[in-house]
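Open the model in your viewer and get ready to select residues. This short tour moves from one stop to the next.

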Amino acid sequence: MSGINGSMAHLSDGLFTTAIAVYAGAMVGFTAEYAFGRVGRKLAVAPAPARELVGAGGPSVVEDALPADPPDLPADPAVARASRAERIGWWSVVLCVAGALIHTSSIAVRALAVDAVPWSNMYEFASVAGLVGVLAFLAVLWRLPALRYLGGFVLLPVILMMFLAGTVLYSKAQPLVPALQSYWLAIHVTLVSIAEGALMTSAVLTVLYLVKARHDRKPFGSERLANLAVKLPAAESLDKAAYRVVAFSFPLYTVAIICGAIWAEAAWGRYWGWDPKETWAFIVWVVYACYLHARATAGWKGRAAAWINLTGFGAITFNFLIVNIVVSGLHSYAGLS
Amino acid sequence: MRYLRIAWRRLTAMRTALVLLFLLAVAAVPGSLLPQRPLNPAKTASYIAEHGAWGRFLDRIGMFDVFGAPWFAAIYLLLFVSLVGCLIPRIRVHARALARKPLPAPRNLERLPESGRFETSATPGEYAATARETLGRRWRIVQRAEPSGAVTLSAEKGYSRETGNLIFHVALLAALVLIAVGRLYTYQGQRIVLQGADNGFCNTISQYDTWSPGRFAAEGKVRPAPFCIDELTKFTASYSAEGEPRTFRADVVYRTSVSAKPRTASITVNHPLRLEGDRVYLITHGFAPRLTIRMPDGSVRHDVEPFIPTDPTTFLSEGAFSQPGKDGARQDIGISGLFAPTPVDEGNGKIGSASPQVQDPALSIFVYEGDLSGSGEPHSVYSIDTSKMTRIGTADLHIGQTKRLRDGVSVTFDGWVPWASLQISHDPAQSYLLIAAVAMVVGLLGSLGIRRRRLWVRIAPAGAAEPESPTVVTVGGLARSDSGHFPTEFAGLLERLRGRATPVEPVVSADTIGAGKD
């Protein structure tokens, strides 16, 4: 029954803050590449048909027909600027990897400090989910380096969530209460964080899709918005990528809920009891089921389905923030008082 | 009849199912935001009291028992019917599709989303055999001959997508049925067991403190398993240095039937005792103070009563003792009290607790004398009705201390024993439900992970297009459902098919050089 290793917990907090700072640097770099880079320009000229690849075990992603090597372009200042932007992009990837390593060690050190899997409260869950998001993005880059310039859109929500985790949701390292002393904690919460991290990516893609689709229908009046939209991959590819991520996450989320039910049966004497957390997991599941059906129904494809996807992510956010903080129930492990 | 048919078609349409599914999600929301009677009756009652007419209105429309409300049931039953109506024809169609041969090749394969073309020196018959072998057994292949002399292959793959889809939905229906069956046959009982001998119980309704049966169990159609929990031999709670709980453990002696041999088991929070058909859970725990009470008539009583924790973090607990005197003598003694495991002075004479760990515990009591029968209004067994009693004194006692009161009454705080609240749960359907859930996941993986795709190969014999031209092979591919990475897969297949084609001998002719370009 060892307690908490205070100095290690402290080290973990320091690493966590450092990881946020490094991610922020990478995000600035990615955004710079997005703004000044060649990729968007290229796409804007010829929106090539997109192809889809399924990564090994990971969510599939869109591969736009982007040239692997820069074609021979006349030497003009724009090209010099583009290659600088590309360099910035690659340095951002390096920063992102460094951030992920620091982030991983923050979680590992916290695990050593509490002598258990460190995802038993909101701070720890948000930290793990953020890491899942970053790792998923890096895995995508491994297969499809051309998507690098979208890094800023992935890192922004991750950084926001980690900032929230480190400030409002923070709770100091504590040993597990008896209810959480189960191997189901590792299984159930890991699955939930992977599924929800991936669904967050799907929501980001869906927002980009809606922006792009809106621009395709009626170009934005504001030049700034138009510039942003023009550089995005084709609307159809974004939509398809968002769908593929949900197709990957939905079975995972289903398994996560089933594991939760098995755990609830062992801990609380029933597999399902409409505890607020369970109710919202049900709502999230049903909304994403709606999304999958909507994509197969005439008249619901495209934007209507996209809004259902965002509703689903809204429900996930509600389940994470409001249900943990405002509504009390059996899943009250937020660590906030 | 016609309207019925239209209504049925409407109900089983995907669009309707989608709306019903969405309604289901929306309908569940109030169930998480408003207090629910089955989960927390006390909170529900106080919410209704606080909100007056609004609260009573919400109550009337079932907002405090959303998941038992008729309108919630209406949504999922409609969804259920819609699903059945949608599934039956789909199963029929899919069975037919499984039995049917792949469709003949379309006339122009090069118009398909994916296509390719190459030449070979083999005859159509020879190359058809090669191609079938190259594609392998994973494709369902049908070979046909066309009047022009060309040979076509029609190949299909990915039937398990629809199979998975149907498995998922059938398993979902099965899961809903199993949940309903479980609800009918289930029962749950709770019982507080004091540590020590002679406090055990057997699995019969009368021995539970609370009992919540499903309909069939309530009607007596379910016979509870005949096991007994004979004794809570030891309850252990351990805490970290900061006072955070670390472990709770109940060591019990039990028999699986009255005549069986007693066995021992440890029940902890995540590890219930699993018996045939029933599970025994450790739900909560608490303290039971022990008193020696000298009654007004001079008799001495020993009493121990479980106190209920009112504060889940400090385990400040409250409870009561009742000792009846002689009938009609109005000399009953009633004691209500607070038990503080680690007492602190809250000021103005009130006692509080600093921690759930026991360190020199204190018992704060109010002692009453008179008639325990009170006004006859119902009240909790952890309190006494003092309406026909007189308070004869109060005291804060530590272990071993005695308070002497009027009429020779005295109260001694002898000590305490822990108690554990055990819950017995019975749901005969839950293991089948798990099987259904696993089938749902398997179906889902097939339905979302597999793609249906079709491939056609047309092998035109040599000289068909023009004299001396070699055998020409055209390949076309089509992915039904979300195309995914089919283009990549098709490119790979095409490469393999081309690789197995015996190359055409270079012919020195101006015409063929032009035609040989693919």
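Start with R279(B) and E265(A). Their side chains meet in a salt bridge, 2.8 Å from N to O. Keep in mind that this is a predicted model.

**The interface**

How many salt bridges are there between chain A and chain B? The count is two.

Now show the whole contact. Select 60 residues from chain A and 53 residues from chain B. Between them, the two chains bury about 4,700 Å². Carbon and sulfur atoms give 64% of that area.

Next, pick P178(A), Y271(A) and W274(A). These three supply 13% of the area that chain A buries against chain B. That is more than any other three residues.

**A helix pair in chain A**

Move to helix α4, residues 122-143 of chain A, and helix α10, residues 303-325 of chain A. Their axes come within 12 Å and cross at roughly 175°. Angles over 145 degrees count as roughly antiparallel, so α4(A) is roughly antiparallel to α10(A).

Which residues make the contact? On α4(A), select M122(A), F125(A) and A126(A). On α10(A), select F320(A), L321(A), N324(A) and I325(A). Of the residues in this contact, six are nonpolar, one is polar and none is charged.

**The domains of chain B**

Finish by colouring chain B by domain. Domain 1 covers 1-96. Domain 2 comes in two stretches, 101-158 and 451-504. Domain 3 covers 287-420. The centres of domain 1 and domain 2 of chain B, taken over C-alpha atoms, are 51 Å apart.

Key: Residues numbered from 1 in each chain as written. Chains lettered and ligands numbered in written order. Predicted model: local features only at pLDDT ≥ 70, side-chain atom pairs only at ≥ 80, totals over all residues. Heavy atoms only, no water. Axes fitted to C-alpha atoms, helices over the stretch in contact; angles between N-to-C directions. Helix = DSSP H or I, 4+ residues; strand = E, 2+ residues; numbered from the N terminus. Parallel < 35°, antiparallel > 145°, perpendicular 65-115°, else oblique. Contact = heavy atoms within 4.5 Å. Nonpolar A, V, L, I, M, F, W, Y, C, P; charged D, E, K, R; others polar. Domains from an automatic or database assignment. Buried area = accessible area lost by both parts, 1.4 Å probe. Salt bridge = Lys/Arg side-chain N within 4 Å of Asp/Glu carboxyl O.
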